[in-house]
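Here is a short briefing to read with the model open beside you. Have a look at the structure first, and then we will go through it topic by topic.

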Amino acid sequence: MASTEHTHLADSGTLDPTGNTLSPVTPEEKTWGWFAIFNIWANDVQSLFGYSLVASLFISYGVGGWTAFAALVVSGLFVMWMVNLSGAAGEKYGIPYPVLARASLGTEGAKLPAVLRATVAVFWYGVQVYFASTALALLIRSLTGLSGGAEIFGLTGIDWLSFVLVWGFHIVIFWRGMNWVETFLNIAGPFVYVVMIGLVVVLWQRSDGELLSATATIFANPEGTFWTEFNGFIAIIGTMVAYFSAVMINFSDFSRYAKDKPTMVKGNLAGLPFNMILFSALALLTTGGAAVVFGEEIINPTEIVERTDSVLLGIIAAITFFAATVGINLVANFIPAVNGIANLSPETISFRKAGLITSVFALVIGGFWTSFISQFGISGFVNTLGATLAPIFGIMIVDYYLHRKEQLNLADLYDTQGGAYHYNYGWNGAAVKAFALAGIFSVATVWVPWFGFLSGYNWVIGALLGGVLYHALAKGNGAR
């Protein structure tokens, strides 16, 4: 978009008067190159949970390593296609996810998916702050040899000190703005890979060169048939798509900072298939090396590091796990939480204020995660909210590409009193009905055991269902 249009809109007062995080980014702010987009995915992949998930896929689904590896690559290509679709409007108009949702659900209706996404993000943000603090606690113990003393709410003194420091570290990063977020992601992504490669080298040396042969046995599956491998292949793709689903729906929060569309596409191409190939290969090699050195398949990298009995490796690993966890927290949780909260009252909630609100929730959720929240079963509630986002994705894509032919009125997106996207008191009835109907299916996949046979690809079905229903309802009543 031409800079004159941005300037005109800002001067006319049609945008959020505070100039907060929901306002369209200016051409001068569109500074992210393909490497920054690449590192969004590098940090999203490189979590401890992501490692354990990738390392265990061939075990969980009873398939050979090559089948699991191929499924990971295909899922990377599929997710790349999906985020290119969802991120295009963000890149073109410089708008975040909550604003893009206004086009299909209405200026008031868009608050619903924004709040759902923010609620899920706030919860996991607090949990990931806690998990990042465990890496810092590991580092302090490795350096000092202290145990931490008595526990308070399930955490020792060292644990609480680590948690508060990590919590504050997140605040320092977001307080400095998106440039600092980008810088941290650009450092953390490559650094984690360097350490993972180093861990493979250590295991290679300790396995007396038998790492590749051990990995080959993991890749082999003599008992597998065509249908068992095929079913596992499809299930793994569904699992990985569900894993990336949260970022897929709000990718415009990041794509709006891309220099242009080719930059976004190139970053996604390098970031998704390449990261899936490299990260998966390192995870499988590490698992194979651990099988030789320790005599069992270990899918938790923390346990592998602990068994090496190396203080130096323990220190490096603690820093790595910290960087990886903070990286995915910023990508998958912090940004969508801040934008969703700001969307509740764009005139009064700025980027920093929304970040502080998110941080307060994180302090409570992370601080009481071990002693109370993890035992309470709240994850089922959060997963239910997350499942309802699938239909929203389908509705947004169908609306933008089929109904609007990739054309939006930027000023009307920020006009909460009228305009093309105000619909009926700010709600698009067709979108709300489609969301409600498809949402029933999405929620059922979480709570009804009968839907267990879908084995992970219920998110894709929910998105398709939401899009199809919206297209039929909007076309039938002439809603645009």
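This is a predicted model: local features need pLDDT of at least 70, side-chain atom pairs count only at pLDDT 80 or more; totals for chains, interfaces and linings use all residues.

Helices (H or I, at least four residues) and strands (E, at least two) are DSSP runs, numbered from the N terminus. Residues are numbered from 1 along each chain as its sequence is written, and side-chain values use heavy atoms, with hydrogens and water left out.

**Overall picture**

- The chain has 21 helices and zero strands.
- Of its 480 residues, 56% count as buried, where buried means under 20% relative accessible area, exposed means over 50%, and partly exposed lies in between (1.4 Å probe, protein chains only).
- The chain exposes about 19400 Å², and carbon and sulfur atoms supply 68% of that area; accessible areas come from the Shrake-Rupley method with a 1.4 Å probe, and for residues only the protein chains shown count as cover.
- Among contacts (heavy atoms within 4.5 Å) with a separation of 6 or more, 84% are between residues 24 or more positions apart.

**The nonpolar core**

- A nonpolar core is a set of buried Ala, Val, Leu, Ile, Met, Phe, Trp, Tyr and Cys residues joined through side-chain atoms within 4.5 Å.
- The largest one here has 135 residues, and those with the most contacts inside it are W41, I95, F244, M248, F251, L408 and L413.
- Helix α14, which covers residues 311–342, gives the most to this core, with 19 residues.
- What does F244 touch, leaving aside its neighbours within four places in sequence? F244 is in contact with W41, D44, V45, V79 and M276.

**Helix α4**

- Helix α4 runs over residues 65–93, and its 29 residues reach 42 Å from the first C-alpha to the last, close to the 42 Å expected at 1.5 Å a residue; the expected span is 1.5 Å times one less than the number of residues.
- α4 bends by about 40° at G87, the bend being the angle between axes fitted to the seven residues ending there and the seven starting there.
- Just after α4 comes G94, with a positive phi of about 70°.

**Salt bridges**

- The structure holds four salt bridges, each defined by a side-chain nitrogen of Lys or Arg within 4 Å of a carboxyl oxygen of Asp or Glu.
- One of them joins the side chains of K30 and E91 at 3.7 Å, N to O. This pair links distant parts of the chain, with K30 in the loop between α1 (3–12) and α2 (34–45) and E91 in helix α4, 61 residues apart. Both K30 and E91 are buried.
- Another pairs R141 with D159, whose closest N and O atoms are 2.8 Å apart. Here too the pair links distant parts of the chain: R141 is in helix α6 (residues 111–144) and D159 in helix α7 (residues 157–175), 18 residues apart. R141 counts as partly exposed because its relative accessibility is 28%, while D159, at 16%, counts as buried.
- K111 also forms a salt bridge, with E108, the closest N and O atoms being 3.4 Å apart. K111 is partly exposed at 23% relative accessibility, and E108 is partly exposed at 26%.

- The 15 residues of α18 should span 21 Å at 1.5 Å a residue, so the 20 Å between its end C-alpha atoms agrees.
- α18 is mostly covered, with 14 of its 15 residues buried.
- K405 is found in the loop between α18 (389–403) and α19 (410–413). Its phi is near 50°, a positive value in a residue other than glycine.
- Is K405 buried or exposed? K405 is exposed, because its relative accessible area is 56%.
- E406 has a phi near 65°, again a positive value in a residue other than glycine. At 29% relative accessibility, E406 counts as partly exposed.

**T183 and A36**

- T183 is found in helix α8 (residues 178–206) and counts as partly exposed at 42% relative accessibility.
- The C-alpha atoms of T183 and A36 are separated by 8.4 Å, although the two residues are 147 residues apart along the chain.
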